[in-house]
Amino acid sequence: MKAPHAAAAGALVDAAWRLFEQGDGLGATRLCEDALRLDDHHPDALHVLAVAQCQLGNLDRARTLCLQALEVRPGHLNTLNSLGNILRTGLRFDEAIEAFRRALALNPRFPQAHLNLGITYWQAGRLEDSFRCSEAALKLDPSFAEAHYNHALHLLQRGDFAQGWQEFGWRWRAPGVAPRHGFTQPRWKGEDFRGRTLLVHAEQGLGDTLQFIRFVPQVAGRGGTVRVACPRELVALLGPALPGIQVLDEGAALPPFDLQCPLMDLPGVLRTTGETLPTTTPYLFAQEDAVTSWRGRFAGAGLKVGLVWRGGFRYALDAMRSLSLETLAPLAEVEGVRFVSLQKELLPAEAETPLLARCDAAGPDLPDFAATAAAVAALDLVISVDTAVAHLAGALGRPTWLLLPHPSDWRWGLEASSTVWYPSLRLFRQDQAGDWTGVVHRVTRDIRALATETQRPA
């Protein structure tokens, strides 16, 4: 290849990387393919094309391209690191661990590889190994924001709230993490705000908002005016639960305010510990007339049980927390139960499953979480994977069986079958990563026993 072509290919790859960092995987792909037409063995073009394909979900192609880049340039640290991330995204944990170890064998002082190895260990259920990797990354780079955030999740999962919340604040310094709202008002850090208005605004997912909204009344008790900005589908539910606090649609024009604070920063600002964590439920409430209407719809014999078997596809780890309706098939054999699907939308492949044939498909009739709360309040039990409906049911104080992957999210602790966050929840954990068989067996056994007990004459 002539030197002018090399320079042109390099310029295309640089531009492709900038597009990739902006989340434009398609644009990055086009530029890398242009570069490869100039030099079909350009290692950086192969590497950036690989990570762009991973961003687009084309994991097999991404892996192949990364391996091609390593054939051209063996032992390249960043490419090995990217290969590990691609394999980890595809849940190929053993291969990902090997890739990160190869990178660290070449350079043990590579903080990003320590962190990524730790994240992979966590996904594979090797929690102590994961914790040590976070510590190693922070020892090499004490200002490594991503490692602090990952360390925070470990601490919170262990119940070390005092230190965990402080580390949790590092998430705002991590690359690619920015507040959902570009507010310029000062961040509230716990100071007296009498005579001023504080806006507490939601971040991350709907379930996070439902879980952390419990901290807002503590803030309101410190004087000043408090407003809450949240996703539209939560406004009608949260408003009645926060008397004296205006709950606003975050997508609409907001009235003036003086200070602002992300919702999930509140426990850190309030210096919450395990002893001061607000655990009283219910702290959210369904509208009684709507509950009465749902009870009429569910009238009849049998235990009324709501089902949620998958979360939103946009969540990066959805494949770990969700399961197929076919996996829950043993529930269809349980007598004395009336199942209610709380899934908003059904997939075409689910339409003919035996369990769905036994379900009242309530999901399409649930336009927002106020409606979902009423439906949940009319049920005897909710069985859910780790998604927003589980948080809703817990906040309503309703009996809920939560199906958890191994490892589970930080908020559910390490091994217990109960959680301090929601006293009405019972946790059913996987014995090993990816294996729902044991969970479904225990749930089926216990729901059969509960249905039998319900039918027994008083």
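Visitor: Which residues does Gly224 touch, leaving out those up to four places away in sequence?
Guide: In this predicted model, Gly224 touches Phe193, Arg194, Gly195 and Arg196, once residues up to four places away in sequence are set aside.

Visitor: Where is Gly224 found, and is it buried or exposed or partly exposed?
Guide: Gly224 is found in the loop between helix 12 (216-220) and strand 2 (225-230), and with a relative accessible area of 37% it is partly exposed.

Visitor: Changing topic, what about strand 8, is it buried or exposed?
Guide: Five of the five residues of strand 8, which covers residues 381-385, are buried, so the strand is largely enclosed by the rest of the structure. Both of its faces are covered, with Leu381, Ile383 and Val385 buried on one side and Val382 and Ser384 buried on the other.

Visitor: Which strands pair with strand 8, and in what sense?
Guide: Strand 5 (residues 303-308) pairs with strand 8 in the parallel sense over four bridges, and strand 9 (residues 400-404) also runs parallel to strand 8 and is joined to it by four bridges.

Visitor: And what stands opposite Val382?
Guide: Gly306 stands opposite Val382, while in strand 9 the bridge partner of Val382 is Thr400. Between strand 8 and strand 9 the chain passes through helix 19 (residues 388-395), and this β-α-β crossover is right-handed.

Visitor: What does the largest nonpolar core look like, in residues?
Guide: The largest nonpolar core has 71 residues, and Val216, Leu266 and Leu284 are those with the most contacts inside it. Helix 18 (residues 369-377) gives the most to this core, contributing eight residues. Apart from this core lies another one, of 37 residues, which includes Val48, Leu65, Cys66 and Leu70.

Visitor: Which residues does Leu284 touch, again without those up to four places away?
Guide: Leu284 touches Leu210, Ile213, Leu237, Leu238, Ala241, Leu392, Ala395 and Leu396.

Visitor: Let's zoom out: how many helices and strands are there, and how compact is the chain?
Guide: The chain has 20 helices and 10 strands. Its radius of gyration is 25 Å, close to the 23 Å that the globule rule gives for 458 residues, so the chain is as compact as a globular protein of that length. Taken along the principal axes, the C-alpha atoms fill a box of roughly 85 × 60 × 40 Å.

Visitor: How much of the chain is buried, and what of the accessible surface?
Guide: Of the 458 residues, 52% count as buried, and the accessible surface comes to about 20700 Å², of which 52% belongs to carbon and sulfur atoms. As for contacts between residues at least 6 apart in sequence, 64% of them join residues at least 24 apart.

Key
Residues are numbered from 1 along each chain as its sequence is written. This is a predicted model: local features need pLDDT of at least 70, side-chain atom pairs count only at pLDDT 80 or more; totals for chains, interfaces and linings use all residues. Side-chain values use heavy atoms; hydrogens and water are left out. A nonpolar core is a set of buried Ala, Val, Leu, Ile, Met, Phe, Trp, Tyr and Cys residues joined through side-chain atoms within 4.5 Å. Buried means under 20% relative accessible area, exposed over 50%, partly exposed in between (1.4 Å probe, protein chains only). Helices (H or I, at least four residues) and strands (E, at least two) are DSSP runs, numbered from the N terminus. Contact means heavy atoms within 4.5 Å. Two strands pair if DSSP finds at least two bridges between them. A crossover is right-handed if, with the strands pointing away from the viewer, the path from the first strand over the helix to the second runs clockwise. The radius of gyration is taken over C-alpha atoms; the globule rule is 2.2 Å times the number of residues to the power 0.38. Accessible areas come from the Shrake-Rupley method with a 1.4 Å probe; for residues, only the protein chains shown count as cover.
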